[in-house]
Amino acid sequence: MIDISAVIVAAGNSKRMGVLDKIFVDLCGKPLIRHSLEAFIRSGIFERIVLVVNKDNLNRTRELLDSYIESGTLDKINVMQGGRRRQDSVRIGLESLPKCKWVAIHDGARPCVTPELIVKGAREVEMNSASIPVVPLTDTVKRVDSLGRVINTLDRGSHYSVQTPQFFDYGILLGAHSSCSQETFTDDARMFEIIGKKVKIFEGSTENIKVTSPTDIVMAQAILCARGNG
(Lines give C-alpha, C1' and ligand atoms only; values in the text may rest on other atoms or scores of the structure.)
Protein backbone atom coordinates (compact mmCIF):
# COMPACT_ATOMS: atom_id res chain seq x y z
CA MET A 1 0.00 0.00 0.00
CA ILE A 2 1.28 3.47 -0.89
CA ASP A 3 2.63 5.48 2.05
CA ILE A 4 0.49 8.59 1.66
CA SER A 5 -1.37 11.06 3.89
CA ALA A 6 -3.56 14.07 3.13
CA VAL A 7 -4.04 17.66 4.21
CA ILE A 8 -7.46 19.16 3.47
CA VAL A 9 -7.41 22.94 3.86
CA ALA A 10 -10.64 24.73 4.80
CA ALA A 11 -9.42 27.64 6.90
CA GLY A 12 -10.52 30.54 4.71
CA ASN A 13 -12.97 33.19 5.82
CA SER A 14 -15.44 32.86 2.89
CA LYS A 15 -15.45 36.62 2.17
CA ARG A 16 -17.06 36.19 -1.23
CA MET A 17 -19.92 34.21 0.33
CA GLY A 18 -21.12 37.08 2.55
CA VAL A 19 -22.29 35.87 5.97
CA LEU A 20 -22.41 32.24 4.83
CA ASP A 21 -19.55 29.93 5.84
CA LYS A 22 -19.16 27.79 2.76
CA ILE A 23 -17.69 24.70 4.39
CA PHE A 24 -20.98 24.10 6.20
CA VAL A 25 -23.28 24.91 3.27
CA ASP A 26 -25.80 22.12 2.71
CA LEU A 27 -25.20 20.20 -0.51
CA CYS A 28 -27.62 17.35 -1.14
CA GLY A 29 -28.26 16.95 2.59
CA LYS A 30 -24.62 17.07 3.71
CA PRO A 31 -22.28 19.91 4.72
CA LEU A 32 -19.90 20.84 1.91
CA ILE A 33 -16.79 19.82 3.84
CA ARG A 34 -18.20 16.37 4.44
CA HIS A 35 -18.32 15.70 0.69
CA SER A 36 -14.65 16.64 0.36
CA LEU A 37 -13.60 14.56 3.33
CA GLU A 38 -15.63 11.49 2.39
CA ALA A 39 -14.08 11.35 -1.07
CA PHE A 40 -10.67 10.96 0.58
CA ILE A 41 -11.96 8.36 3.00
CA ARG A 42 -13.65 6.34 0.24
CA SER A 43 -10.43 6.29 -1.81
CA GLY A 44 -9.09 3.94 0.88
CA ILE A 45 -5.42 4.88 0.40
CA PHE A 46 -4.61 7.37 3.17
CA GLU A 47 -2.77 6.57 6.37
CA ARG A 48 -3.75 9.90 7.96
CA ILE A 49 -5.96 12.86 7.04
CA VAL A 50 -5.57 16.32 8.56
CA LEU A 51 -8.46 18.74 8.20
CA VAL A 52 -7.34 22.36 8.74
CA VAL A 53 -10.06 24.90 9.58
CA ASN A 54 -10.19 28.41 11.03
CA LYS A 55 -10.41 28.87 14.77
CA ASP A 56 -14.10 29.80 14.69
CA ASN A 57 -14.96 26.45 13.13
CA LEU A 58 -12.85 24.10 15.28
CA ASN A 59 -15.62 22.93 17.62
CA ARG A 60 -18.26 22.70 14.91
CA THR A 61 -15.95 20.66 12.70
CA ARG A 62 -15.12 18.26 15.52
CA GLU A 63 -18.83 17.84 16.24
CA LEU A 64 -19.38 17.13 12.56
CA LEU A 65 -16.78 14.37 12.60
CA ASP A 66 -18.25 12.85 15.74
CA SER A 67 -21.67 12.83 14.10
CA TYR A 68 -20.80 11.59 10.63
CA ILE A 69 -17.57 9.59 10.51
CA GLU A 70 -17.84 5.95 11.45
CA SER A 71 -15.66 4.61 14.24
CA GLY A 72 -12.48 3.05 12.94
CA THR A 73 -11.97 5.89 10.48
CA LEU A 74 -12.18 8.74 12.96
CA ASP A 75 -8.86 7.85 14.60
CA LYS A 76 -7.12 8.57 11.28
CA ILE A 77 -8.46 12.13 11.09
CA ASN A 78 -7.12 15.14 12.96
CA VAL A 79 -8.62 18.63 13.03
CA MET A 80 -6.17 21.51 13.29
CA GLN A 81 -6.48 25.30 13.52
CA GLY A 82 -5.22 27.02 10.39
CA GLY A 83 -2.98 30.03 9.90
CA ARG A 84 -3.31 33.48 8.35
CA ARG A 85 -2.54 32.41 4.78
CA ARG A 86 -3.47 29.27 2.89
CA GLN A 87 0.17 28.19 2.80
CA ASP A 88 0.42 28.66 6.58
CA SER A 89 -2.53 26.30 7.00
CA VAL A 90 -0.93 23.75 4.68
CA ARG A 91 2.34 23.94 6.61
CA ILE A 92 0.49 23.41 9.91
CA GLY A 93 -1.17 20.35 8.40
CA LEU A 94 2.13 18.98 7.10
CA GLU A 95 3.89 19.45 10.41
CA SER A 96 1.10 17.66 12.28
CA LEU A 97 1.45 14.53 10.15
CA PRO A 98 3.72 11.63 11.03
CA LYS A 99 6.50 11.37 8.44
CA CYS A 100 5.29 9.78 5.21
CA LYS A 101 6.55 9.34 1.64
CA TRP A 102 3.78 11.17 -0.21
CA VAL A 103 1.16 13.77 0.68
CA ALA A 104 -1.97 15.09 -1.03
CA ILE A 105 -3.02 18.72 -0.53
CA HIS A 106 -6.67 19.51 -1.22
CA ASP A 107 -8.86 22.59 -0.98
CA GLY A 108 -11.84 21.63 1.17
CA ALA A 109 -13.96 23.95 -0.97
CA ARG A 110 -13.79 21.41 -3.83
CA PRO A 111 -16.58 19.05 -2.71
CA CYS A 112 -17.04 17.40 -6.13
CA VAL A 113 -13.66 15.67 -6.08
CA THR A 114 -13.99 11.92 -6.60
CA PRO A 115 -12.14 8.95 -5.11
CA GLU A 116 -11.16 7.99 -8.66
CA LEU A 117 -9.41 11.31 -9.28
CA ILE A 118 -7.64 11.03 -5.93
CA VAL A 119 -6.37 7.53 -6.68
CA LYS A 120 -5.23 8.65 -10.14
CA GLY A 121 -3.16 11.44 -8.59
CA ALA A 122 -1.62 9.08 -6.04
CA ARG A 123 -0.51 6.76 -8.84
CA GLU A 124 0.94 9.65 -10.83
CA VAL A 125 3.05 10.96 -7.96
CA GLU A 126 4.75 7.61 -7.48
CA MET A 127 6.49 8.30 -10.81
CA ASN A 128 7.16 12.00 -10.12
CA SER A 129 8.00 14.15 -7.11
CA ALA A 130 4.96 16.34 -7.77
CA SER A 131 1.76 15.76 -9.78
CA ILE A 132 -1.18 18.14 -10.17
CA PRO A 133 -4.59 17.83 -11.89
CA VAL A 134 -5.39 20.32 -14.65
CA VAL A 135 -8.11 21.01 -17.17
CA PRO A 136 -7.62 22.75 -20.54
CA LEU A 137 -8.77 26.35 -20.88
CA THR A 138 -11.81 26.71 -23.13
CA ASP A 139 -12.08 30.52 -23.20
CA THR A 140 -9.79 32.91 -25.04
CA VAL A 141 -7.23 34.34 -22.60
CA LYS A 142 -6.11 37.97 -22.74
CA ARG A 143 -3.22 39.55 -20.88
CA VAL A 144 -4.02 43.08 -19.69
CA ASP A 145 -2.15 45.94 -18.04
CA SER A 146 -3.01 47.77 -14.80
CA LEU A 147 -5.42 50.05 -16.70
CA GLY A 148 -7.40 47.16 -18.12
CA ARG A 149 -5.99 47.44 -21.63
CA VAL A 150 -5.25 44.29 -23.59
CA ILE A 151 -1.53 43.66 -24.11
CA ASN A 152 -1.77 40.43 -26.04
CA THR A 153 -3.73 37.19 -26.51
CA LEU A 154 -2.23 34.05 -24.99
CA ASP A 155 -2.12 30.64 -26.65
CA ARG A 156 -4.70 28.76 -24.61
CA GLY A 157 -3.42 25.47 -25.98
CA SER A 158 -0.38 25.71 -23.70
CA HIS A 159 -2.24 27.00 -20.64
CA TYR A 160 -4.27 25.03 -18.12
CA SER A 161 -6.49 25.65 -15.14
CA VAL A 162 -5.00 24.00 -12.04
CA GLN A 163 -7.03 22.07 -9.47
CA THR A 164 -6.50 20.14 -6.27
CA PRO A 165 -5.74 17.63 -4.89
CA GLN A 166 -2.07 18.12 -5.65
CA PHE A 167 0.37 15.35 -4.80
CA PHE A 168 3.95 15.71 -3.58
CA ASP A 169 6.96 14.08 -2.03
CA TYR A 170 6.28 14.91 1.62
CA GLY A 171 9.84 15.76 2.63
CA ILE A 172 10.48 18.00 -0.37
CA LEU A 173 7.20 19.86 0.11
CA LEU A 174 7.89 20.45 3.78
CA GLY A 175 11.30 21.87 2.87
CA ALA A 176 9.74 24.04 0.16
CA HIS A 177 7.34 25.55 2.66
CA SER A 178 10.27 26.45 4.88
CA SER A 179 12.25 27.98 2.00
CA CYS A 180 9.32 29.95 0.60
CA SER A 181 7.69 31.16 3.81
CA GLN A 182 8.40 34.86 3.15
CA GLU A 183 6.42 34.94 -0.12
CA THR A 184 2.74 34.24 -0.69
CA PHE A 185 1.63 31.49 -3.06
CA THR A 186 -1.77 30.39 -4.34
CA ASP A 187 -0.80 26.74 -4.63
CA ASP A 188 1.90 24.39 -3.41
CA ALA A 189 3.07 23.44 -6.89
CA ARG A 190 4.44 26.95 -7.34
CA MET A 191 6.75 26.38 -4.37
CA PHE A 192 8.09 23.27 -6.11
CA GLU A 193 8.80 25.34 -9.19
CA ILE A 194 10.60 28.00 -7.13
CA ILE A 195 13.00 25.47 -5.59
CA GLY A 196 13.75 24.01 -9.01
CA LYS A 197 11.68 20.81 -8.88
CA LYS A 198 9.63 19.52 -11.79
CA VAL A 199 5.85 19.34 -11.56
CA LYS A 200 3.96 16.85 -13.75
CA ILE A 201 0.37 17.43 -14.78
CA PHE A 202 -2.39 14.85 -15.14
CA GLU A 203 -5.97 15.11 -16.38
CA GLY A 204 -8.35 16.63 -13.84
CA SER A 205 -12.12 16.95 -14.07
CA THR A 206 -14.35 19.82 -15.17
CA GLU A 207 -16.73 18.77 -12.37
CA ASN A 208 -14.04 19.30 -9.71
CA ILE A 209 -15.07 22.92 -9.18
CA LYS A 210 -14.03 25.19 -6.33
CA VAL A 211 -16.87 26.83 -4.40
CA THR A 212 -16.05 30.51 -3.98
CA SER A 213 -19.40 32.21 -4.69
CA PRO A 214 -23.14 31.51 -4.27
CA THR A 215 -23.34 30.57 -7.96
CA ASP A 216 -20.77 27.82 -7.38
CA ILE A 217 -23.01 26.33 -4.70
CA VAL A 218 -25.79 25.85 -7.26
CA MET A 219 -23.36 24.15 -9.64
CA ALA A 220 -21.87 21.89 -6.96
CA GLN A 221 -25.35 20.95 -5.76
CA ALA A 222 -26.34 19.93 -9.27
CA ILE A 223 -23.19 17.85 -9.79
CA LEU A 224 -23.40 16.03 -6.46
CA CYS A 225 -27.13 15.37 -6.56
CA ALA A 226 -26.85 14.03 -10.12
CA ARG A 227 -24.32 11.53 -8.80
CA GLY A 228 -26.63 10.53 -5.95
CA ASN A 229 -24.24 11.87 -3.32
CA GLY A 230 -26.97 12.82 -0.88
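Gln87 sits in helix 3, which spans residues 86–96; helices here are DSSP runs of H or I with at least four residues, strands are E runs of at least two, and both are numbered from the N terminus. The model is a predicted one, so local features need pLDDT of at least 70 and side-chain atom pairs count only at pLDDT 80 or more, while totals for chains, interfaces and linings use all residues. Residues are numbered from 1 along each chain as its sequence is written, and side-chain values use heavy atoms, with hydrogens and water left out.

Back to Gln87, whose relative accessible area of 4% makes it buried (buried is under 20%, exposed over 50%, and partly exposed in between, using a 1.4 Å probe and protein chains only). A polar atom of the Gln87 side chain lies 2.7 Å from the backbone nitrogen of Phe185. For reference, a polar contact is a pair of N or O atoms within 3.5 Å; within protein, one must be able to donate a hydrogen and the other to accept it, and residues adjacent in sequence count only if both atoms are side-chain atoms. Setting aside residues up to four places away in sequence, Gln87 touches His177, Cys180, Ser181, Glu183, Thr184, Phe185 and Met191, where contact means heavy atoms within 4.5 Å.

Helix 3 also packs against helix 5 (residues 170–179), at an angle of about 135° and with the axes 10 Å apart. The axes are lines fitted to C-alpha atoms, for helices over the stretch in contact, and angles run from 0 to 180 degrees between N-to-C directions. That angle makes helix 3 oblique to helix 5; the cut-offs are under 35 degrees for roughly parallel, over 145 for roughly antiparallel, 65 to 115 for roughly perpendicular, and oblique for the rest. The crossing of helix 3 and helix 5 is left-handed, meaning that the near helix is turned anticlockwise from the far one by less than a right angle, with clockwise giving right-handed. On the helix 3 side the contact is made by Gln87, Val90, Arg91, Leu94 and Glu95, and on the helix 5 side by Tyr170, Leu173, Leu174 and His177. By class, the contact of helix 3 with helix 5 has five nonpolar, two polar and two charged residues; here Ala, Val, Leu, Ile, Met, Phe, Trp, Tyr, Cys and Pro count as nonpolar, Asp, Glu, Lys and Arg as charged, and the others, Gly among them, as polar. An α-helix has 3.6 residues a turn, so residues three or four places apart point the same way.

Ala39, Phe40, Arg42 and Ser43 of helix 1 meet Pro115, Ile118 and Val119 of helix 4. The residues of the contact of helix 1 with helix 4 divide into five nonpolar, one polar and one charged.

Helix 4 (residues 115–125) has Pro115, Leu117, Ile118, Val119, Gly121, Ala122 and Val125 as its buried residues. Their cover includes strand 1 (4–10), helix 1 (32–43), strand 6 (102–107), strand 7 (130–136), strand 11 (166–169) and strand 12 (200–203).

Phe40, in helix 1, counts as buried at 1% relative accessibility. Leaving out neighbours within four places in sequence, Phe40 is in contact with Ala6, Ile8, Phe46, Ile49, Ala104, His106, Val113, Ile118 and Pro165. Phe40 and Ala104 are 64 residues apart in sequence, and their C-alpha atoms are 9.8 Å apart in space. Pro165, another of the Phe40 partners, lies in the loop between strand 10 (160–162) and strand 11. A cis peptide bond joins Thr164 to Pro165, with omega at about 10°.

Some loop residues round out the picture. Cys28 falls in the loop between strand 2 (26–27) and strand 3 (30–31), and has a positive phi of about 55° although it is not a glycine. Cys28 is buried, with a relative accessible area of 11%. Thr206 is in the loop between strand 12 and helix 7 (214–227), and at 68% relative accessibility Thr206 counts as exposed. Ser213 is found in the loop between strand 12 and helix 7, and counts as partly exposed at 21% relative accessibility.
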